[in-house]
Amino acid sequence: MTVEQNVLQQHSQKHQQTLLNQLREVTGTTDIQLLQQALQVSNGDLADAVAFLTEKNAKVPQQEETTYYQTSQVASDRYISVGSQADTNVIDLTGDDKDDLQRAIALSLEESNRAFRETGITDEEQAISRVLEASIAENKASLKHTHTEVWSDSPNPHDRKRIDNCSVGLKNVGNTCWFSAVIQSLFHLLEFQRLVLNYSPPSRVLDLPRNQKEHRNLPFMQELRNLFSLMVGSKRKYVDPSRAVEILKEAFKSSESQQQDVSEFTHKLLDWLEDAFQMKAEEDSVGKKPKNPMVELFYGRFLAVGVLEGQKFENTEMFGQYPLQVNGFKDLHECLEAAMIEGEIESLHSAENSARSGQEHWFTELPPVLTFELSRFEFNQALGRPEKIHNKLEFSSMLYMDRYMDRNREITRIKREEIRRLKEHLTLLQQRLERYLSYGSGPKRFPLADVLQYAMEFASSKPVCTSPVEDIDTSAPPGGTTGQQLPPPSTAEQDSLPSVESSGPASTPTAALQQRVPVHKPFTQSRLPPDLPMHPAPRHITEEELRVLESCLHRWRSEVENDTLDLQGSITRIHRTIDLMYSDKSMMQVPYRLHAVLVHEGQANAGHYWAYIYNPHQCCWMKYNDISVTKSSWEELVRDSFGGYRNASAYCLMYINDKKPFLIEEEFDKETGQVLSGMDKLPPDLKQYVMEDNELFDKEIEEWDAMQARKAQQEKLALASAAAALTAVSSTSMSSSSPQPMSIESSPPDNAAPQQDPEYMEQPSPTNDFKHLQEDTERAICRAAAEQEGRSPEALLNAAIKLEYARLLRFAQEDTSPENDYRLQHVIVYFIQNEAPKKILERTLLTQFADRNLAFDERCKSIMNVARAKLGLIKPEEINMDEYEMWHQDYRNFREMTIFMVTGLELFHKANYVEALIYLIYSYQYNKELLLKGLYRGHSEKLLGYYRRECLLKLNEQAAAMFELGEEPEVTSGLSIMNELVVPCIPLLLANDMEKDLLAVEDMRNRWCSYLGQEMESNLQEKLTDFLPRLLDCSTEIKSFHDPPKLPSYSTLELCERFSCIVAAISRVPAEER
């Protein structure tokens, strides 16, 4: 569900009441029904509603809402507005039939439009500008906030180290993802990259005082060179663009460079670069016409051919980014066709001097880099706020521009006329086909072929002579023969009972039985009586009638099916003809290949930006999402860019001329002929700059490694000191007690003592929480002694181990209910299910039987001594102790993760979502790490993912409810929950790219975006504006989270009981909800 739908569903009543109040104040009408009728007729448009109420018995025509766009006018005439549409919502002020009220309303609307024409700034752009300007300028101000920012550098520099020659990301320094998307797209145009890196400022600016443009553009140019050089040769995984952003921030604050829209940033950036290169070009080409590489790379020309008030004209104009409307079109070619033709152009092709006005655009020169700006924002007058257009718009990776070229004008006009004629024919065929597929005169319609088939089935059914209600025994229970009738009463009983007519309807038991409505039992009375037909059938039909009717129906059905197939075939052929209209080679001579797609996710007032850029050398798409640079695919690009899915869609497409490979070709060394890469691509000054930065990063790594080594040494010394202190205390306690004498047989040598056993294998006393494990061992020994009476201790040990192993193997192979997880009861079950090596199993079982607490009688004591002796005889080469410890560590991690999971689920079911979240987050992460090693290493990932997701949704709901209260303490608490708990967890949901997690994130964002259209206090609006970019500007980059909570120690029995209870509780949740 989109945010717009969400807003309308949640707040339509409140918004309608606001409109009613405004309408009442404007018109003075107090009749509520009349006011509601006016709003309904005007579809929520206040001006039309006023017109409806003030004009007696006159209908106000509903004007189709037209979205238009206009790019900012700049001082230079090189970039102009193209594709603009006339405003169709302006009210005529010249009519004499308007009353004073309507003139006032019209004047207000006219003033609003005049303000737009004078300033070039719409209300939508101002709304977007407020959010973005604030976000750009928040790099320093963000330090004042107490919440944790989404972006924070990992303290470990190894996490920030560049891997091989992977592309370098850009750090988000205060909601600057839009900057990163544009810069990455331009940087990976290698020709543009070379121009920026090799730029040198004109020498005259060193002596002459700088004007305002030079004061702004030249420092930015130098910072852009520095940034590009780091993106080429840095050892860092991502670099910081703060200096360049600071200059942009200052420029956006100035009156002459006020930012209108994020999509305008690319134009402004190129405009500044153009000015910088223009100064250099003028200095280098004295006496010649200067050539500006920025103009040659990004600017083209088109010919405007049209008629204005009956007078034909032709004008050649330049363009940079070419704006295209999205609303109402299904693909990029449809957008271009509409943008190339404005108004009514019939007079262009006729000899008559018509008074109609309109124009066509024909490209005379296309730039090597062709950029389309997709207009995906419009102002919703009913809601009073800008909205994003989420409609699906398809585009291809290869775009042929021949049909839009001036040299193909006549051919294209012929083809357009042919397409127009075909589409008219297509519309007629589709209407005819619709009559076949939706036949009937009522509200429900069916395919005509099916209607004839049903009629034929009815006529062919077995006739029944009786009425459909006559042969049904109303006294029998429903279900026919399956119901049992009550036996009739005897004659004596009938005589002794009064008649029904002489008493009330329920005056006797018999009357009650006769009038009782039997209960239908659908599962036990589901069979129909054998004498009733399955379908209705005609009562009377002769063989002759049936033969004639079947013949007619068969013939008619065949005719209908043939007509339907003919229509469908004709429609398919016309579609194919239209698709192939421009497929001949003469119209495929101007190929443009898709280079980059800039994607926006969110709403008109706030959102997140990233870019998909094609890597021609690796033949794959790459996703540049701030500091995250990952390999992607065309399928992922389509999902995120076409629109119609979630709130993500492309807002800028960058195509490059496929016949100009220099745009993306690497530079070669003139002497060696080798490809220049890395630092070799940089001029000396930038090479020195990057080397200094790399040295700083190397020094940071060295300092980190030294600090970690010191910490490790300090921890080692502290551990040694603690061990020494513990040994001293143990010696004191031993010397103060009177030890019992022990026989030589019961005292194994020092080297026979095994290493410290895992805590779940230790048995400190017979009465502790691990008593069940000792009981299992003693039970195995007793069974072995009964079966092997009189055998040696070693033979008894072997027999007991076999019996214990067989018991545990049976548990491991048993198919049990979810709440009984035998892995928690014994480590061997976990090992068996995960196919641990045999040596690991043997040593673990020996450790179990080597428990000192078994020495309560001579038999157990002797077996314990044999087990300990066997442990001591195991040679280091026979078993890898590192592997042994690794398996036991994995089991410890499994138990620890289970405690996290159980605790989190218990807290969740107690509705303590704040405390539950941290346990669920860590249980999911730890479980995921375990499952990477094997399917049975952890628990259900889907189950943990469901409760992690639900916990975040619950917290989001709580925080939103607090925000809606409007009270300062509740608002602060709600935003604190979002900033400290929910927002840091959103990257965890986005990282796995699971559909349910993505939908949950969208739901959370939509909930908060829905507040944008509501009236609220200014302080709440300020808090919302400050919070929304952090909610929307999330990436899959995982930041450092809260430290895991300390877990209490649970016995195996207690852990199993708690696990069983909570799993039994969650099993009652329907599977489809999980």
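Aspartate 821 is buried (under 20% relative accessible area, with exposed meaning over 50% and partly exposed in between, for a 1.4 Å probe and protein chains only), its own relative accessible area being 12%. Its partner arginine 823 is buried too, at 7%, and the two side chains meet in a salt bridge of 2.7 Å, N to O. A salt bridge here is a side-chain nitrogen of Lys or Arg within 4 Å of a carboxyl oxygen of Asp or Glu. All this comes from a predicted model, in which local features need pLDDT of at least 70 and side-chain atom pairs count only at pLDDT 80 or more, while totals for chains, interfaces and linings use all residues. Residues are numbered from 1 along each chain as its sequence is written, and side-chain values use heavy atoms, with hydrogens and water left out.

Across the whole structure, the search turns up 36 salt bridges. One of them pairs glutamate 700 with arginine 160 at 2.5 Å, N to O. Glutamate 700 sits in helix α20 (residues 684–736) and arginine 160 in the loop between α6 (138–141) and β1 (169–170), so the bridge ties together parts 540 residues apart in sequence. Helices (H or I, at least four residues) and strands (E, at least two) are DSSP runs, numbered from the N terminus. Glutamate 700 is partly exposed at 26% relative accessibility, whereas arginine 160 is buried at 9%.

Lysine 415 and aspartate 584 make another salt bridge, with their closest N and O atoms 3.8 Å apart. Here helix α14 (residues 409–437), which holds lysine 415, is tied to the loop between α18 (543–579) and β12 (591–602), which holds aspartate 584; the two parts are 169 residues apart in sequence. Lysine 415 is buried at 15%, and aspartate 584 is partly exposed at 30%.

Then there is helix packing. The axes of α26 (residues 881–909) and α32 (residues 1052–1066) come within 10 Å and cross at roughly 45°; axes are lines fitted to C-alpha atoms, for helices over the stretch in contact, and angles run from 0 to 180 degrees between N-to-C directions. That makes α26 oblique to α32. Angles under 35 degrees count as roughly parallel, over 145 as roughly antiparallel, 65 to 115 as roughly perpendicular and the rest as oblique.
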